[in-house]
Amino acid sequence: MAVNRTPVLKRCRSLGLEPMYLGIDKKSTRQLKRANRKMSEYGLQLREKQKAKFIYGVLEKPFRNYYKKADRMPGQTGANLMMLLETRLDNVLFRMGLARTRKEARQIVDHKHVLVNGKCVNIPSYLVKAGDTVEIKEKCKSSARYKGILEVTGGRLVPEWLDVDQENLKGSIKEMPARDAIDVPVNEMLIVELYSK
């Protein structure tokens, strides 16, 4: 699998992104040395796409497939794209507070710790639907890992489209997220403009 090994804070600086959107508390004190050149329209569109891919941990080909799927869905393409990215299983675990970062959520799913509607799912890109229940397997619930995770994510705000029971490490999807319920600093209209060329 392709992995981007660029340090996270360095990527955040180059994209003008706060590390807290990735679930990371660190702050970078360095300033980015950038020439005061005006960025082209294409440059702005590309940066928004890179930002969305970086936040959700999606590579180019799957991201393009999400765009095609969002384009076929009824409604606005940009809002549909953000909804598809937000309903990935690894992102839902992160939003529920059952993982510190999306990368950790991805690993938890890969290691077969997650049940969706009572069935084991080990595909991080699995798209959940309204009414689905997501929980950690019984035998994994007692591990020290999840106690540590809950200590860190206990105060994190859970979106209103999710219903979470952190004590029992489970939750359900009340409804599909609307665009205004997604607090990711990405201008999806620029991504739509980029792909529609």
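Q: Is D183 buried, exposed or partly exposed?
A: D183 counts as partly exposed, because its relative accessibility is 49%. Buried means under 20% relative accessible area, exposed means over 50%, and partly exposed lies in between, with a 1.4 Å probe and protein chains only.

Q: What kind of model is this, and how are residues numbered?
A: This is a predicted model, in which local features need pLDDT of at least 70 and side-chain atom pairs count only at pLDDT 80 or more, while totals for chains, interfaces and linings use all residues. Residues are numbered from 1 along each chain as its sequence is written, and side-chain values use heavy atoms, with hydrogens and water left out.

Q: Back to D183. Which side chain does it meet in a salt bridge?
A: The partner is R95, at 3.1 Å from N to O. D183 lies in the loop between β5 and α9 (188-195) and R95 lies in helix α5 (residues 89-96), so this pair ties together parts that are 88 residues apart in sequence. A salt bridge here is a side-chain nitrogen of Lys or Arg within 4 Å of a carboxyl oxygen of Asp or Glu. Helices (H or I, at least four residues) and strands (E, at least two) are DSSP runs, numbered from the N terminus.

Q: Which other residue meets R95 in a salt bridge?
A: The side chain of E86 does, at 2.4 Å from N to O.

Q: And are R95 and E86 buried or exposed?
A: R95 is buried, because its relative accessible area is 10%. E86 also counts as buried, at 0% relative accessibility.

Q: What about D90, where is that?
A: D90 is in helix α5. With 2% relative accessibility, D90 counts as buried. The C-alpha atoms of D90 and R102 are separated by 6.1 Å, and the two residues are 12 residues apart along the chain.

Q: How many salt bridges does the count come to?
A: The count is 13 salt bridges.

Q: Which residues are linked in a network of them?
A: K49, K53, E60 and R64 are linked in a network of salt bridges. Within this network, the side chains of R64 and E60 meet at 3.5 Å, N to O. Both residues lie in helix α3, four residues apart, which is about one turn of the helix. R64 is partly exposed, with a relative accessible area of 38%, and E60 counts as partly exposed at 25%.

Q: New topic: which residues gather in a patch of positive charge?
A: The residues are K61, K68, K69, R72 and K129, and the patch is on the surface. Patches are made of residues with over 30% relative accessible area and no salt bridge, and like charges are joined within 9 Å. R72 lies in helix α3, which covers residues 60-72, and R72 counts as exposed because its relative accessibility is 66%.

Q: How many helices and strands does the protein chain have?
A: The protein chain has nine helices and five strands. From the N terminus on, the elements run α-α-α-α-α-α-β-β-β-α-α-β-β-α.

Q: And the radius of gyration, what is that for the protein chain?
A: The protein chain has 17 Å, which agrees with the value near 16 Å that a compact globule of 197 residues would have. The radius of gyration is taken over C-alpha atoms, and the globule rule is 2.2 Å times the number of residues to the power 0.38. Along the principal axes, the C-alpha atoms fill a box of roughly 55 × 45 × 30 Å. Of the 197 residues, 44% count as buried.

Q: What is phi for N117, and where does N117 lie?
A: Phi of N117 is near 55 degrees, a positive value. N117 lies in the loop between β1 (114-116) and β2 (119-120), and N117 counts as partly exposed at 42% relative accessibility.

Q: Last one: how many residues apart are E18 and L169?
A: E18 and L169 are 151 residues apart in sequence and 28 Å apart in space, C-alpha to C-alpha. E18 is in the loop between α1 (8-15) and α2 (41-56).

Note on methods: Patches are made of residues with over 30% relative accessible area and no salt bridge: like charges are joined within 9 Å, nonpolar side chains (Val, Leu, Ile, Met, Phe, Trp, Tyr) within 5 Å. Accessible areas come from the Shrake-Rupley method with a 1.4 Å probe; for residues, only the protein chains shown count as cover. Lys and Arg count as positive and Asp and Glu as negative; His and the chain ends are not counted. The place of a charge is taken as NZ of Lys, CZ of Arg, CG of Asp or CD of Glu.
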